[in-house]
Amino acid sequence: MRYLWSIPAAVVAWFVGGFSATYLKGLPEGTTYFVPPRIDLVVLGGFAGGVLAGLLIGRIRIAVPVVLVVAAGMWWLTGNSFGQRDLLITLLVASAVGAFFGALGARSTVVAAFALALPVAWTALRPAEQLADWQWLWQLNGLLVGAGLAILLYIACWKRGWRSVGSWIPLTGFYLVCFGIVASVRLVSQSTGKPMDAVGDASTEAFFQSFEPLLREYWPWMVVGVLLAIPMVALKLRALPPPPPPPDPYADKSNDAVLSDDLDWIDQQEPRRRLLSRRPSVQSAQE
């Protein structure tokens, strides 16, 4: 019965989380200006949608085929031809990998937090591409970076609580690495037609150069994100009911289950004793 609602919800989650507007060609011109059809959006969008779908379904053997069917069907329904094999294969692989990690995250939310770090990092700096002259761009980007980190730390502690706090340091480091991955993928998508060696060198340079401005400009917002995640996890754990006591392994067993075989006579009913009649005395017998 659970799959009756989880599979349709996963389809909607892939469509929304996968930024399906990047594949819509029938919309009026200008409506997809915020999400132009680029390979980085195909990769990150399909991966994000796959993670959300895998979290909802929770089973790898069901989530991966469902996501592949949905991605291929949506590619066909939105007017794209199957002749664009490179983009289609990229979309299918990204969606399947995202569904795999999302299904694993249903069992351990730390895995889900690591899987969502890449789409969150991509979303955090999206306004910088379109709002280059906006006065409050630094504050908006910093707010998105800090809020994204707080959400990831909160997701990591969703099931195990404070026992997962040890994953915050590697999760924060991976979150920073994701900004470099996004910068590299974005540069590769914009370098079509150039030699592979030049594109590889430029993407590697963009990967390492993305950390300096991020740490220099947005580190206060990341500290605020960590400080915000602490009360979020505390309030979440306080709102949960206390865990039930551990079950008694001997609740359904009798005392014989804990006694050895040589002590079984303790529980046996003692046989009824028969009293012998009084023997007559010697004098009464002579009389």
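Good morning. A helix, as the word is used here, is a DSSP run of type H or I with at least four residues, and a strand is a run of type E with at least two. By that definition, the chain of this predicted model holds 11 helices and zero strands. Read from the N terminus, its elements are accordingly α-α-α-α-α-α-α-α-α-α-α.

Let me turn to the chain as a whole. It has 287 residues, of which 35% are buried. Its accessible surface amounts to about 18,200 Å², and carbon and sulfur atoms account for 66% of that area. Of the contacts between residues at least 6 apart in sequence, 74% link residues at least 24 apart.

Next, the annotation. The unreviewed UniProt entry places the feature "transmembrane region" at residues 44-77, 89-116, 136-156, 168-188 and 218-235. In the model, residues 44-77 are 94% helix and 0% strand, with 20 Å between the end C-alpha atoms. For residues 89-116, the figures are 89% helix and 0% strand, and the end C-alpha atoms are 21 Å apart.

Is Thr172 buried or exposed? Its relative accessible area is 19%, and because buried means under 20%, Thr172 counts as buried. A polar atom of the Thr172 side chain lies 2.7 Å from the backbone oxygen of Trp168. Which residues does Thr172 contact, once neighbours within four places in sequence are set aside? They are Leu149, Leu153 and Met222. Thank you.

How values were computed: Residues numbered from 1 in each chain as written. Predicted model: local features only at pLDDT ≥ 70, side-chain atom pairs only at ≥ 80, totals over all residues. Heavy atoms only, no water. Buried < 20%, exposed > 50% of the residue type's maximum accessible area, 1.4 Å probe, protein only. Polar contact = N/O pair within 3.5 Å; in protein donor to acceptor, adjacent residues only side chain to side chain. Contact = heavy atoms within 4.5 Å. Areas by Shrake-Rupley, 256 points an atom, 1.4 Å probe, with all protein chains shown as cover. UniProt positions renumbered as here; feature names shortened; annotations may be inferred.
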